[in-house]
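Colleague: I would like to learn how to read a model like this one. Can we go through it feature by feature?

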Amino acid sequence: MLQLLFDTLLRASDLALIALGLSTVYGLVKFPNIAHVQYAMLGAYATYAFFTLGLPLPLAILIACLLTGLLTLVLHLLVFRRLLRAGPAITMIGSLAVAMLVVACAQGFAGSFPRMFNLPITEPLLVGGVRLSHTQVAAMATTAVLLVLFTLLLFFTRTGRAMRALSTNPALAAASGLNAEGITRLVNFASGAIAGLGGSVLALSTGAHINLGHDLLLPVFAAAILGGLGNPLGAVLGALLIALTETLVTNLNFGPLLGQPIAFLPVSYISAGSFLILLLALLFKPYGLFDREVRRV
C-alpha cells in the first residue's frame, strides 16, 4: 500500500506542474494550448544542454525554466494573441501547429536519441520499506513547494486576486482598471517556466527525449479537464486522480479474476487509465469535478 502511495505521488508530481500552468493560462485566454506540453520537452532538453556544459544542476534547471518561460511569452505575443482574434477554435488548431513545429525544431537540433543525465550514484532512501532515489524525493518536494507558493500567490496577494478577477469576469476586471494584458503576459511566462521545470524534473529520471511532450499530452489534458479547465488547483487534484488511476491500472493483480496466480497489465496500458477517466469526465462532468468557478466563467 505504501508503494502504491509513493508511485501515485511520483506520477502526480510529473503531471501537476504542467497541468497547473495549462489550466491557469486557459482561465485567462480561454483556449486549450496543445503546445503547452511541448514546453516541458524544451525545458528538459535545455536543462540537459546546460548541465552538459558544466553548470550545476540547480542552475541549469533555473536557466532552462527562464528561457522556456521567455519562449512561451514570445509565442503568446507573436502567435496566439493574433490567433485569438479569430476565436478559440482557430487558436487551438494554431497551437497544434506550433506544437508540431516545436517538436520538429527540437528533433533537428537534438535528434531523436534520448539524452540521459549523468548523475552521481547515491544510496536510495528507505521509507517504510519503499526505496526512493534522491531525484524522486527532490521531484516530490519541488512540486509540493511550488504548489504551496502558487496557492499563497493566488489567494493572498494582489496579483493573485487580479488573476482570479480576470479569469472570472474579464470585462468587469478591465473596467475596474486592472492591467489585463500585463497579467496575461506574466501568467504566460510563469506557466512556461513551470512547464519547463516539470519537464526538467521528469527528465532527470526518464531522460530528455523527443516524445516527452507527446507522452504528457493526454494525462495532462485529462487532469486539467477533470479539475475544470480554468481551475488551477482543480487541475492539481485532477493530476492526483489521474496518477492514482494509472498506478492502479499497472499495479493491481488481476490474476485471481482470471483464474491465475499473477496477472498484471503491461506498462503500455498506462494511458488506458487516462482515456477512461477523460471519457467518464466528458460524459458525466464535462465542466470538471470542481466546476463552480468554471461555469461562472
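Modeller: Start with the surface. Accessible areas come from the Shrake-Rupley method with a 1.4 Å probe. In this predicted model, the accessible surface of the protein is about 14,900 Å². Carbon and sulfur atoms hold 71% of that surface.

Colleague: How many helices and strands are there in the protein?

Modeller: The protein has 13 helices and two strands. Its radius of gyration is 19 Å, close to the 19 Å from the globule rule for 297 residues, so the protein is as compact as a globular protein of that length. Along the principal axes, the C-alpha atoms fill a box of roughly 65 × 50 × 35 Å.

Colleague: What percentage of the 297 residues is buried?

Modeller: Buried means under 20% relative accessible area. By that cut-off, 46% of the 297 residues are buried. Take Thr-143, in helix α5 (residues 134-156). Its relative accessible area is 7%, so Thr-143 is buried. Leaving aside neighbours within four places in sequence, Thr-143 contacts Ser-13, Ala-16 and Leu-17.

Colleague: Where is Phe-31, and is Phe-31 buried or exposed?

Modeller: Phe-31 sits in the loop between α1 (2-29) and α2 (36-52). Phe-31 is buried, at 3% relative accessibility. Not counting residues up to four places away in sequence, Phe-31 touches several residues, including Phe-80, Leu-84 and Met-92. Phe-31 and Leu-229 are 198 residues apart in sequence, yet 9.4 Å apart in space, C-alpha to C-alpha.

Colleague: How many aromatic pairs does the structure hold?

Modeller: A pair of aromatic rings is described by the distance of the centres and the angle of the planes. The structure holds three aromatic pairs. For Phe-31 and Phe-80, the ring centres are 5.4 Å apart and the planes are at 40 degrees, so this pair is tilted. Phe-80 belongs to helix α3 (residues 57-83), and the pair links distant parts of the chain, 49 residues apart. Phe-31 and Phe-80 are both buried.

Colleague: What are the distance and angle for Tyr-48 and Phe-117?

Modeller: Their centres are 5.5 Å apart, with 90 degrees between the planes, and the pair is edge-to-face. Tyr-48 lies in helix α2 and Phe-117 in the loop between α4 (88-110) and β1 (125-127), so the pair ties together parts 69 residues apart in sequence. Phe-117 is buried, with a relative accessible area of 10%.

Colleague: Which residues do ring pairs link into a cluster?

Modeller: Tyr-48, Phe-51 and Phe-117.

Key: Residues are numbered from 1 along each chain as its sequence is written. This is a predicted model: local features need pLDDT of at least 70, side-chain atom pairs count only at pLDDT 80 or more; totals for chains, interfaces and linings use all residues. Side-chain values use heavy atoms; hydrogens and water are left out. Helices (H or I, at least four residues) and strands (E, at least two) are DSSP runs, numbered from the N terminus. The radius of gyration is taken over C-alpha atoms; the globule rule is 2.2 Å times the number of residues to the power 0.38. Buried means under 20% relative accessible area, exposed over 50%, partly exposed in between (1.4 Å probe, protein chains only). Contact means heavy atoms within 4.5 Å. Rings of Phe, Tyr and Trp (its six-membered ring) pair if their centres lie within 6.5 Å; planes under 30 degrees apart count as stacked, over 60 as edge-to-face and the rest as tilted.
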